[in-house]
Amino acid sequence: MSTENEGADVPSEATPPTGPQASDRAAASASGAQTPDVPPAPATPPPPASAPSASAAGGSPWEQSHAPGGPGPGRPDGTAQFPVYGTADHGASAGGWGPHGGGGGGDPWGDPGNPAPKRRNGGLIAAVLVAALFAGGIGGGIGFWAAGQNDTGSTTVTATGNPEALNRKPTSVSGIAQKALPSVVTIEAQGATGEGGTGTGFVYDKQGHILTNNHVVSSAADGGKLTATFSNGKKYDAEVIGRAQGYDVAVVKLKRASGAPLNPLPLGKSAQVQVGDATIAIGAPFGLSGTVTTGIISAKDRPVASSDGDGSSASYMSALQTDASINPGNSGGPLMDASGNVIGINSAIQSAGSGGGMGPESQQSGSIGLGFAIPIDQAKRVAQDLIKTGRPVYPQIGVQVGMKDTGNGATIAQTGNNGSDPVTPNGPADKAGLRPGDTITKLDDTVIDSGPTLISEIWQHKPGDHVTLAYLRGGKAHTVQVTLGQRTGDK
């Protein structure tokens, strides 16, 4: 079945095709050396009995970047599932920076550099280890006993460390985190019937607006309860100002923001991000607020289709891909560059499982080093619309295309959904001369390999933008310029 595309309608689901037989999906209109013999040392009295040691560790595997605090919509764990459409294989955090792992060889958090040309790339309880505490007690006891056996009564005083060594540069990971954490909040959403979970958001402006994901707050959008907790522990009631299902972006506002540390995080330019740039992610994975992880941008312009779990709202993004550890609860949190600027909103992860998919069939949960963030250039535009009118605005070309991941392009359907026209009469595509059966293969400089890719690319633009489409008709290549139209609101 063909589906609407290019900002015409939000699709009913976003399940990735699993093979040639997969049906079309609904779219939005997607050493050691030897030592010489040594005489034995004199016998010494045995030390006192050592104190016992104990350790406890625990954890549990999860999935996706929206940590449930209760059963979520459509899934017991309330997570959002994110099938990926791309030319690369679909399938924790990166450690040190470079071969030295940040061990004093210079500051790895340098200037991200010049932008590269655009290219397409297809409650947990924290366990505490107590063994170290007991080991410390043993060491202290032995040291005191040995000093008591010293006839001279002398003691050894060790020099203290250099306090200046603890001064972190503002551009270090620690420096950036210390500055950003007070502006990152943990969001708890609860629906009218009790469903909900935990996610993340960050301060967008001094008026109390918080930017996050739609799937984080959707359960509380209609008659539910929403709270935002800052790093200082203060909790504020909040309300949804506007949300965009197709973009998976939402804006909430603190109801009584008096006294709240409303210091907006600086926004960068995602269009200037390059593969290999350093990243920092902040969020509340598994409800553990104020967690900071690092990585790099491992790919750009990754077409990702996601769903909130019940299939009622699908979103499409041309995502920033990062290997920074992102887990359930990181959703809606900032992905920052080496200068501390927000370049994306963490939204989805790919979890390992049978077949390497990202749907409910995934067996292993948590980060495997494939996280996806909504580019901030797009999220900023959406947020401005939501704050101004409460409704999202989508650019569109006015066609319905098949959502099967063919790798050959996005083909305009021969017949539309529910008897509608596959090419909207007098719409942008119709005015440009596009017809049912045409296969769109390129949008400006980006290769289009599927319907979801076409949607994610169009949605990076704004209504009124001019784009050049390359398409095939009857085996012959054509190009045409299209002025993007618009649709207001989700439907």
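**Charged pairs, rings and contacts**

Author: Asp-237 has a relative accessible area of 30% and is therefore partly exposed, a class that runs between buried (under 20%) and exposed (over 50%), as found with a 1.4 Å probe on protein chains only. The model is a predicted one, in which local features need pLDDT of at least 70 and side-chain atom pairs count only at pLDDT 80 or more, whereas totals for chains, interfaces and linings use all residues. Residues are numbered from 1 along each chain as its sequence is written, and side-chain values rest on heavy atoms, with hydrogens and water left out.

Side chains of opposite charge can pair when their charged atoms come close. The term salt bridge is kept here for a side-chain nitrogen of Lys or Arg within 4 Å of a carboxyl oxygen of Asp or Glu, and a search of the whole structure finds four of them. One of these joins Arg-256 to Asp-237, with the closest N and O atoms 3.3 Å apart. This pair links distant parts of the chain, since Asp-237 sits in strand 7 and Arg-256 in the loop between strand 8 (249-254) and strand 9 (278-283), 19 residues apart; strands (E, at least two residues) and helices (H or I, at least four) are DSSP runs numbered from the N terminus. Arg-256, with a relative accessible area of 56%, is exposed.

Another salt bridge is formed by Lys-235 and Glu-188, whose closest N and O atoms are 3.7 Å apart. Lys-235 belongs to strand 7 (residues 235-244) and Glu-188 to strand 3 (residues 184-190), so this pair ties together parts that are 47 residues apart in sequence. Glu-188 counts as partly exposed because its relative accessibility is 35%.

In a further salt bridge, the side chains of Lys-462 and Asp-465 meet at 3.4 Å, N to O. Lys-462 is partly exposed, with a relative accessible area of 44%, whereas Asp-465, at 18%, counts as buried. His-461 lies in the loop between helix 6 (451-458) and strand 20 (466-473), and at 16% relative accessibility it is buried. Not counting residues up to four places away in sequence, His-461 touches Arg-381, Pro-395, Leu-443, Asp-444, Val-467 and Leu-484, where contact means heavy atoms within 4.5 Å.

Turning to the rings, the structure holds five aromatic pairs. Tyr-247 and Tyr-394 make one that is stacked, at 4.5 Å centre to centre with 10 degrees between the planes; rings of Phe, Tyr and Trp (its six-membered ring) pair if their centres lie within 6.5 Å, and planes under 30 degrees apart count as stacked, over 60 as edge-to-face and the rest as tilted. Tyr-247 is in the loop between strand 7 and strand 8, while Tyr-394 is in strand 15 (residues 393-396), so that the pair links parts of the chain 147 residues apart. Both Tyr-247 and Tyr-394 are buried. Tyr-394 also pairs with Trp-459, and because the ring centres are 4.8 Å apart with the planes at 45 degrees, this pair is tilted. Trp-459 lies in the loop between helix 6 and strand 20 and Tyr-394 in strand 15, so parts 65 residues apart in sequence are tied together. Trp-459 is buried, at 0% relative accessibility. Ring pairs link Tyr-247, Tyr-316, Tyr-394 and Trp-459 into a cluster.
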